[in-house]
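Dear colleague,

I am handing over the structure below, and would be grateful if you could look it over alongside my notes.

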Amino acid sequence: LMAEKAAEGSAEASPTAAERQLLRRRQELDYWKKNAARLRSRNLLTGLGIGAFVVGMFSYTILSVKQERIMEELDDEAKIHIIRGPRTGANS
């Protein structure tokens, strides 16, 4: 009987690999439960930051392309006016 109790005592003192893994997973779950709100807020801030960057970059690109088109149209109009020459009473 003493040998059996000693064997049981040593088994309880050092948990098996599966028990250690289960304990570790429970600790991780507790950690995630405690820090879920903080992680969610960080993820939200990160997402908003990335979204703002993307929207800003898109808006800047569209605006710069639109300005290039306007400049091209102005250049075309200027070329037409140069070809036509000055507007005077004789040619208007």
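What follows is a short account of what was found.

The model is predicted, so local features need pLDDT of at least 70 and side-chain atom pairs count only at pLDDT 80 or more, while totals for chains, interfaces and linings use all residues. Residues are numbered from 1 along each chain as its sequence is written, and side-chain values use heavy atoms, with hydrogens and water left out.

After H2 comes Gly85, with a positive phi near 90 degrees.

The unreviewed UniProt entry places a "transmembrane region" at residues 44–63, although such annotations may be inferred rather than shown by experiment. That span is 100% helix and 0% strand, and its end C-alpha atoms lie 28 Å apart.

Ile50, which lies in H2, is exposed at 52% relative accessible area (exposed means over 50%, buried under 20% and partly exposed in between, with a 1.4 Å probe and protein chains only). Tyr31, at 45%, is partly exposed, as is Trp32, at 49%.

The rings of Tyr31 and Trp32 form an edge-to-face pair, because their centres are 5.6 Å apart and their planes stand at 75 degrees (rings of Phe, Tyr and Trp, the last by its six-membered ring, pair with centres within 6.5 Å; planes under 30 degrees apart are stacked, over 60 edge-to-face and the rest tilted).

Terms used. Helices (H or I, at least four residues) and strands (E, at least two) are DSSP runs, numbered from the N terminus.
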